[in-house]
Amino acid sequence: MAVDRNALKKWEKVRQFALGMPGAEEEFPWGETVAKVNKKVFVFLGVDDGSYPLGVTVKLKDEAAHAHALTCPGAEPAGYGLGKSGWVSVPLEQKGAPRAELLCDWVEESYRTIAPKRLVAELDDR
């Protein structure tokens, strides 16, 4: 399956943004790319090898952001029971998928929900 170039560009932008957050680290559990802060995942980036459609999964505590994310084409509460605590999976290859800027806003919100207060303060000081 060919990787959608536009989706891949968005994915790469979101990945770079996530890894630019204070204390963020990239890890590869289960063969997937994730960004963690303080050993906790704040964004699941899946795989970028074309074996599975590109997408991002973020934790959105803000009700408006959460509801908005779920209106994106193909978006759904994350699997493994994560959806119950605000995680949303958003595919990037569908027509009408969110722009990279919006995805980055959601990554930041997810980061703020999970990161320790001192790192959120560092982000606010930037």
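Student: Leaving aside neighbours within four places in sequence, which residues is Gly23 in contact with?
Tutor: This is a predicted model, with residues numbered from 1 along each chain as its sequence is written, and local features need pLDDT of at least 70. Side-chain values use heavy atoms, without hydrogens and water, and side-chain atom pairs count only at pLDDT 80 or more, while totals for chains, interfaces and linings use all residues. With contact taken as heavy atoms within 4.5 Å, the partners of Gly23 are Lys36, Val37 and Leu119.

Student: Where is Gly23 placed?
Tutor: Helices (H or I, at least four residues) and strands (E, at least two) are DSSP runs, numbered from the N terminus. Gly23 sits in the loop between helix 1 (5–19) and strand 1 (24–27).

Student: Why does Gly23 count as partly exposed?
Tutor: Buried is under 20% relative accessible area, exposed is over 50%, and partly exposed lies in between (1.4 Å probe, protein chains only). Gly23 is partly exposed because its relative accessibility is 47%.

Student: How many residues does the largest nonpolar core have?
Tutor: Such a core joins buried Ala, Val, Leu, Ile, Met, Phe, Trp, Tyr and Cys residues through side-chain atoms within 4.5 Å. Phe42, Val43, Val56, Val90, Trp106 and Tyr111 have the most contacts inside the core, whose residues number 37.

Student: Which element gives the largest share of this core?
Tutor: Elements that give two or more residues include helix 1, strand 2 (33–37), helix 3 (100–114) and helix 4 (117–125). The largest share, 6 residues, comes from helix 3.

Student: Which residues does Tyr111 touch, not counting those up to four places away in sequence?
Tutor: Tyr111 is among the core residues with the most contacts inside the core. Its partners are Met21, Pro22, Val37, Phe42, Leu119 and Leu123.
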